[in-house]
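Here is a friendly walk through how the chains of this assembly sit against one another. Have the model open as you read.

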Protein chains: 4
Amino acid sequence: MTEQARRAQIVAAAVEVLAEGGYAAASFKRIAAVAGLSSTGLISYHFKGKQELVDAVYAEVTHVFAGFVLERMDRGTGAAEELRAFLTANVRFMAEHRNHAIALHEVRAHASAATAGDGDHRKMADLLREGQRAGEFRDFDADTMAVFVMALRDGVLARLGNRAEIDLDRCERELVTMVELATTRGTGTWAGGHGR
Amino acid sequence: MTEQARRAQIVAAAVEVLAEGGYAAASFKRIAAVAGLSSTGLISYHFKGKQELVDAVYAEVTHVFAGFVLERMDRGTGAAEELRAFLTANVRFMAEHRNHAIALHEVRAHASAATAGDGDHRKMADLLREGQRAGEFRDFDADTMAVFVMALRDGVLARLGNRAEIDLDRCERELVTMVELATTRGTGTWAGGHGR
Amino acid sequence: MTEQARRAQIVAAAVEVLAEGGYAAASFKRIAAVAGLSSTGLISYHFKGKQELVDAVYAEVTHVFAGFVLERMDRGTGAAEELRAFLTANVRFMAEHRNHAIALHEVRAHASAATAGDGDHRKMADLLREGQRAGEFRDFDADTMAVFVMALRDGVLARLGNRAEIDLDRCERELVTMVELATTRGTGTWAGGHGR
Amino acid sequence: MTEQARRAQIVAAAVEVLAEGGYAAASFKRIAAVAGLSSTGLISYHFKGKQELVDAVYAEVTHVFAGFVLERMDRGTGAAEELRAFLTANVRFMAEHRNHAIALHEVRAHASAATAGDGDHRKMADLLREGQRAGEFRDFDADTMAVFVMALRDGVLARLGNRAEIDLDRCERELVTMVELATTRGTGTWAGGHGR
DNA sequence: GATGAATGAGCGTTCATTCAT
DNA sequence: CATGAATGAACGCTCATTCAT
């Protein structure tokens with residue numbers, strides 16, 4: 001089995017363990033068991049240390065997540081539409097890739113600072129600023145609003161991770177409406193225009 | 001020293017340790033050291049297990065937090081005003097009781113499901129429903145909106161816990177505006193009426 | 001059992017293990033077994049890490065060794081006599097405290113640089129310089145000669161540690177003679193005067 | 001690549017690793033890396049176990065060392081001169097083949113008893129006895145004196161291995177003088193005759 | 001011969017917990 | 001009540017060694 005494949009297999013097992021038992025349960029022993037490995041030494045063989053595995057999981061999960069979301073965003077023709085696509089894609093991802101989503105939630109706090117950069121935050125802030133320049137969004141502080149938008153996404157994610165009952169479809173609709181109300185110029189036409 | 005006082009002392013030390021080093025660093029050894037105890041055995045003596053201590057910390061922090069917030073809410077004369085007071089009080093609490101706030105953030109994921117109940121969530125949903133009945137709020141799904149409101153609060157809290165730079169005053173203003181836009185009927189008078 | 005006593009017991013067990021099996025065999029597991037402890041964790045409980053135990057062993061063994069030697073040196077009335085007493089005492093120590101001597105040999109290379117200072121080397125060099133000032137010793141480089149004297153001591157120690165057959169009594173006599181010949185002014189009276 | 005060449009390559013890499021990081025750092029991984037091998041398996045393939053590699057290193061280093069020294073000894077015309085040549089050659093070797101010398105120092109304690117035989121010791125004792133028979137040396141116990149002479153050599157070697165500052169040229173001169181004083185009949189002419 | 005992934009024993013260390021005093 | 005030494009399970013990690021390719 002090739003190195004690449006083994007690493008991927010281990011990361012996949014880690015994602016599963018993280019999704020099922022949370023970070024605390026994600027010991028090498030458990031991950032090895034789920035991956036069908038006979039020794040935790042093999043994980044150390046492929047990853048220099050636990051931190052590297054954690055970072056690899058974070059990178060993988062983040063990569064898949066970002067791919068999923070970006071694919072659904074670049075069809076947008078304006079900042080507001082892109083924002084809506086972002087929210088929709090995020091909730092969809094949670095519905096379709098539950099394990100990845102929960103694993104991200106569990107692993108985020110433990111990823112290296114360098115790795116776990118605020119890239120997402122900055123991109124969101126930029127998108128919001130762009131929408132303000134285009135006149136689509138009202139005059140809020142873009143950085144703070146970026147915190148809010150990501151917080152809404154993370155709140156849904158946390159809810160999912162905590163196994164609380166949650167209707168993701170309704171959640172998606174309400175989320176889009178709420179963010180539009182909160183960000184766009186208050187003409188009332190937009191929110192109303194979409195029937196919500 | 002009375003049982004009550006000892007427990008309170010230990011919980012207070014735990015809060016400090018949690019705020020400073022996060023959950024991972026919150027070993028009995030460290031907590032005992034901060035509390036000025038000479039043995040971790042004393043912690044085990046007063047708390048049946050680590051889980052009980054964690055739950056006690058969660059209960060204490062939650063109690064103080066709720067007290068702070070409720071005190072500032074019941075002056076409100078309507079649901080919208082109460083909601084605004086809730087948001088303001090939450091951010092204020094983070095500013096004035098940083099350790100308690102961060103400890104809450106750190107400990108929440110590890111508190112017993114039974115303890116960490118969704119009481120807050122339900123109360124928020126009830127408030128929102130009340131506002132809808134009174135005609136103050138628009139027609140959203142109250143449970144979902146409650147998730148969102150709490151998510152916004154938690155997002156700010158997480159930002160604080162991660163030691164990211166954050167201007168709590170601006171955050172408070174933007175948060176209130178955003179939630180008002182997202183919840184009240186779109187007359188535009190309210191948000192505008194407060195000079196933002 | 002008091003902390004002090006436990007530490008001493010563990011150090012004593014470590015000395016025994018080192019003397020019997022060398023540094024490589026001196027695992028916590030083995031030391032704990034020899035000390036009659038039920039868990040290696042207890043060693044970690046009393047010593048912050050393996051390095052601290054190693055340093056404690058080095059300190060203990062060095063302390064006993066130095067005490068033994070110094071007691072027999074300060075009776076000397078001149079540098080030459082002190083030097084002779086040093087050599088004699090060293091060999092005697094190896095004979096009477098075999099385990100401590102071998103443990104010192106095994107542990108020396110692994111003691112912290114700070115701990116394993118060249119104190120002995122410097123003291124020897126000072127003694128030699130003093131003897132030169134007094135006219136007892138010939139004109140050699142004191143630092144280099146100190147290296148030699150300590151090397152002779154260490155050579156005997158190594159021989160002991162390697163379980164090679166060695167007659168310590170004869171060794172003591174020959175060592176004293178050799179060092180006197182090598183250090184004192186070549187009158188010939190001294191070495192001869194002692195019946196060799 | 002021939003078996004012989006591979007073994008030599010691995011041994012050479014081991015010597016380098018031993019000289020740079022000491023025995024503790026001489027893992028197969030490191031040796032393979034220095035040797036430019038892609039797998040530690042290759043080392044196990046060519047050497048039955050770590051012990052065999054260690055013994056091979058000891059043999060190689062000892063062989064080179066002995067060759068260097070013997071080449072400079074057989075020019076001597078008497079035991080005293082040979083002894084002096086031995087000492088000189090030893091110190092010269094340390095200066096000119098630092099890595100081999102330090103590797104010898106590091107590996108000696110771990111070589112098999114069988115391999116690490118006392119051949120050198122016996123040869124030195126024989127040389128000393130020869131000198132005694134020829135009237136060049138005084139009446140000491142040859143075996144013990146051999147221990148001393150080798151101890152002096154090893155002391156310098158250890159100093160080198162410990163990265164302590166050491167002036168090998170001065171060391172060489174002082175060493176020759178000391179050993180001559182300690183071994184030859186005390187006419188005083190020799191040591192003085194060489195101007196030291 | 002050479003590769004490199006896989007193995008499994010052993011390591012030092014941390015931790016919550018227990019219990020005799 | 002309080003102490004603090006003792007316990008033992010679990011952890012991440014390293015290493016020489018094996019073996020299918």
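Chain B and chain C do not touch, and 12 Å separates their nearest C-alpha atoms. Bear in mind as you look that this is a predicted model. Chain A and chain C are not joined by any contact either, with their closest C-alpha atoms 20 Å apart.

| Pair of chains | Distance between closest C-alpha atoms |
|---|---|
| chain B and chain C | 12 Å |
| chain A and chain C | 20 Å |

Now for chain A and chain B. Their contact draws 22 residues from chain A and 22 residues from chain B. About 2100 Å² is buried between these two chains, and carbon and sulfur atoms give 71% of that area.

Two salt bridges are found across the interface of chain A and chain B. In one salt bridge, the side chain of Arg170(A) meets that of Asp141(B), at 3.2 Å from N to O. Four residue pairs are in polar contact across the interface of chain A and chain B.

On the side of chain A that touches chain B, α8 (142-161) and α9 (168-183) of chain A each supply at least two residues. The biggest share comes from α8(A), with nine residues. By type, the residues on this side of chain A are twelve nonpolar, four polar and six charged.

Note on methods
Residues are numbered from 1 along each chain as its sequence is written. Chains are lettered from A and ligands numbered from 1 in the order in which they are written. This is a predicted model: local features need pLDDT of at least 70, side-chain atom pairs count only at pLDDT 80 or more; totals for chains, interfaces and linings use all residues. Side-chain values use heavy atoms; hydrogens and water are left out. Contact means heavy atoms within 4.5 Å. Buried area is the accessible area (1.4 Å probe) that two parts lose on being put together, summed over both. A salt bridge is a side-chain nitrogen of Lys or Arg within 4 Å of a carboxyl oxygen of Asp or Glu. A polar contact is a pair of N or O atoms within 3.5 Å; within protein, one must be able to donate a hydrogen and the other to accept it, and residues adjacent in sequence count only if both atoms are side-chain atoms. Helices (H or I, at least four residues) and strands (E, at least two) are DSSP runs, numbered from the N terminus. Ala, Val, Leu, Ile, Met, Phe, Trp, Tyr, Cys and Pro count as nonpolar, Asp, Glu, Lys and Arg as charged, and the others, Gly among them, as polar.
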